Amino acid sequence: SVKQAFFILLFFICGNMIAQSGVYVNEPKNSDGTKIKWTLTLEEDGTFLYHFLRDLSAISKPNKEENFYGKGTWILEGKIVTLLSENEDLNEHYTVNLNNSKARYITKSPRDKSDKIVKTALRFYESETSYIKGLELYKE
């Protein structure tokens, strides 16, 4: 019936969202001792939290740590994750607007039978926030 087909479709969509949900991180090693870390948490309920940490303590006195946060909802369309932030998601704590940022979900193809290791990741290819475009975050 139509009702059964709808629930089967809903199950697959939710199943895909659950598979893609999780914590994605990028923490490059800097030779000067400074620390930069991007963290994007995609929750199973369709919400996300974003955190950018910049710790300049190694090169500045007094110790200097900067934190920037964003939040909103996310949707999955095929292999594309789109982040959406409404005006009510932004305030003095959540200042990073990731509205309409799009990332491609990267994983090893099931057809690839080689020993090549492909770490599950999100690669941003579109964002109104300039430093997000091109960012790649790896699933923990």
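At 19% relative accessibility, Glu 66 counts as buried. The cut-off for buried is under 20%, so Glu 66 falls inside that class. This value, like the others here, comes from a predicted model. Glu 66 lies in strand 4.

Which residue forms a salt bridge with Glu 66? The partner is Arg 54, and the closest N and O atoms are 2.5 Å apart. The pair links distant parts of the chain: Glu 66 sits in strand 4 and Arg 54 in strand 3, 12 residues apart. Is Arg 54 buried or partly exposed? At 29% relative accessibility, Arg 54 counts as partly exposed. The two side chains also make a polar contact of 2.5 Å. Leaving aside neighbours within four places in sequence, Glu 66 is in contact with Phe 52, Leu 53 and Arg 54.

Now for the overall fold. Strands of a sheet pair through backbone hydrogen bonds, either parallel or antiparallel.

Take strand 2 (residues 35-42) and strand 3. Eight bridges join these two strands, which run antiparallel. Thr 41 stands opposite Leu 49 in strand 3. Strand 2 and strand 3 form a hairpin with four residues between the strands. In that hairpin, Gly 46 takes a positive phi near 90°.

How many bridges join strand 3 to strand 4? There are nine. Strand 3 covers residues 47-55 and strand 4 covers residues 65-77, and the two run antiparallel. Here Phe 48 stands opposite Gly 72 in strand 4. In a regular strand the side chains alternate between the two faces of the sheet.

## The nonpolar core

The largest nonpolar core has 20 residues. Which residues have the most contacts inside it? They are Leu 40, Leu 42, Phe 48, Tyr 50, Leu 83, Leu 122 and Phe 124. Several strands supply this core. Those giving two or more residues are strand 2, strand 3, strand 4, strand 5 (80-84), strand 6 (101-106) and strand 7.

Phe 124 lies in strand 7 (residues 121-126). With 4% relative accessibility, Phe 124 counts as buried, because the cut-off is under 20%. Phe 124 and Ala 103 are 21 residues apart in sequence. In space, their C-alpha atoms are 3.9 Å apart. Beyond neighbours within four places in sequence, Phe 124 is in contact with a list of residues, among them Leu 40, Leu 83, Ala 103, Ile 132 and Leu 137.

## A loop residue that is buried

Where does Ser 21 lie? Ser 21 is in the loop between helix 1 (2-20) and strand 1 (22-26).

How many salt bridges does the model have? The count comes to four. The pair of Glu 66 and Arg 54 is one of them.

Another joins Arg 123 and Glu 136, with the closest N and O atoms 2.7 Å apart. Arg 123 lies in strand 7 and Glu 136 in strand 8 (residues 136-139), so the pair ties together parts that are 13 residues apart in sequence. Arg 123 is partly exposed, with a relative accessible area of 39%. Glu 136, at 18% relative accessibility, counts as buried.

Lys 116 and Asp 112 also meet in a salt bridge, at 3.5 Å from N to O. At 22% relative accessibility, Asp 112 counts as partly exposed.

Terms used:
Residues are numbered from 1 along each chain as its sequence is written. This is a predicted model: local features need pLDDT of at least 70, side-chain atom pairs count only at pLDDT 80 or more; totals for chains, interfaces and linings use all residues. Side-chain values use heavy atoms; hydrogens and water are left out. Two strands pair if DSSP finds at least two bridges between them. Buried means under 20% relative accessible area, exposed over 50%, partly exposed in between (1.4 Å probe, protein chains only). Contact means heavy atoms within 4.5 Å. A nonpolar core is a set of buried Ala, Val, Leu, Ile, Met, Phe, Trp, Tyr and Cys residues joined through side-chain atoms within 4.5 Å. A polar contact is a pair of N or O atoms within 3.5 Å; within protein, one must be able to donate a hydrogen and the other to accept it, and residues adjacent in sequence count only if both atoms are side-chain atoms. A salt bridge is a side-chain nitrogen of Lys or Arg within 4 Å of a carboxyl oxygen of Asp or Glu.
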